[in-house]
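I am opening these notes to keep a record of what I looked up, entry by entry. The sequence and structure come first, and my entries follow.

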Amino acid sequence: MSETRLLDESLKKSDKLDGVIRFPRFQPRSPWINGDLQTLRNTLLRPAIDLSPWPGHRVWVEMSDGSGDRLAAMLHRPKPEPTAGKPLIVLIHGLTGCEDSFYIRRSAREALRRGHPVLRVNLRGAGPSRRKSCYQYHAGRTEDLHDLLKGVSLREPDSVAAGAVLVGYSLGGNLVIKYLAEDWERPVDIRAAVSISAPIDLKATQRRIMQPRN
């Protein structure tokens with residue numbers, strides 16, 4: 001038996017024992033060969049993502065802290081309806097992002113193509129939420145995410161009838177992890193969650209951002 005086959009068999013047995021899902025090693029696509037270029041890609045190319053086949057409507061949710069701040073989100077429904085059994089995909093942007101960030105729009109398009117309703121969120125002080133906010137979002141404001149889910153469940157109950165999947169990017173990913181770890185009485189059944197490139201150690205991330213090279 002070859003070494004490659006022995007390794008494959010070993011991994012299969014290991015997967016059965018510990019339940020770990022192993023993915024292939026990441027290989028960057030040329031010319032985006034390092035993290036800096038990968039970060040700048042969308043700014044340089046400015047790709048357009050057309051969501052017009054799935055017109056959305058604006059949802060406003062007031063925060064419960066008495067500030068009067070309101071979050072804006074855009075709710076899209078797939079075609080054809082109904083979407084029974086398909087959980088709502090809640091897309092949460094990262095630092096300096098909003099509902100129109102490329103990665104949010106592209107993720108929304110893919111989810112809608114697969115028949116899911118989608119909510120593109122603007123955190124407090126971001127995008128359309130900015131003109132309705134006195135305060136700013138940060139990684140600790142999980143109460144904002146909780147208020148948002150509660151507000152959507154009250155205003156658009158059919159959109160969360162099958163539950164929700166939380167998808168957070170960067171700082172939004174940190175927010176998702178923190179929210180799931182806290183003892184909230186969930187207003188919506190959270191079916192699954194995805195955290196993408198989350199800065200787990202915020203202090204280390206802050207030091208990195210403040211380096212002269214950045």
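Predicted model: local features only at pLDDT ≥ 70, side-chain atom pairs only at ≥ 80, totals over all residues.

Residues are numbered from 1 along each chain as its sequence is written, and side-chain values use heavy atoms, with hydrogens and water left out.

Entry on Leu40. I looked up where Leu40 sits and found it in helix H2, residues 35-45 (helices are DSSP runs of H or I with at least four residues, strands are runs of E with at least two, and both are numbered from the N terminus). Leu40 counts as partly exposed because its relative accessibility is 42%. Together with Leu44 and Leu45, Leu40 makes a nonpolar surface patch of about 290 Å². For such a patch, residues must have over 30% relative accessible area and no salt bridge, with like charges joined within 9 Å and nonpolar side chains (Val, Leu, Ile, Met, Phe, Trp, Tyr) within 5 Å. A salt bridge here is a side-chain nitrogen of Lys or Arg within 4 Å of a carboxyl oxygen of Asp or Glu.

Entry on Pro31. I noted that the peptide bond from Ser30 to Pro31 is cis, with omega near 5°. Pro31 is in the loop between helix H1 (3-18) and H2, and at 48% relative accessibility it is partly exposed.

Entry on backbone angles. Most residues other than glycine have a negative phi, and most peptide bonds are trans. Ser170 has a positive phi of about 55°; it lies in the loop between strand E5 (164-169) and helix H5 (171-181). Ser197 also has a positive phi, near 55°, and is found in the loop between strand E6 (190-196) and helix H6 (202-209). Is Ser197 buried or exposed? With a relative accessible area of 64%, Ser197 is exposed, whereas Ser170, at 31%, is partly exposed.

Entry on two helices. The axes of helix H4 (residues 142-155) and H5 come within 9 Å and cross at roughly 80°, where axes are lines fitted to C-alpha atoms over the stretch in contact and angles run from 0 to 180 degrees between N-to-C directions. H4 is therefore roughly perpendicular to H5, a term for angles of 65 to 115 degrees.

Terms used. Areas by Shrake-Rupley, 256 points an atom, 1.4 Å probe, with all protein chains shown as cover. Buried < 20%, exposed > 50% of the residue type's maximum accessible area, 1.4 Å probe, protein only. Parallel < 35°, antiparallel > 145°, perpendicular 65-115°, else oblique.
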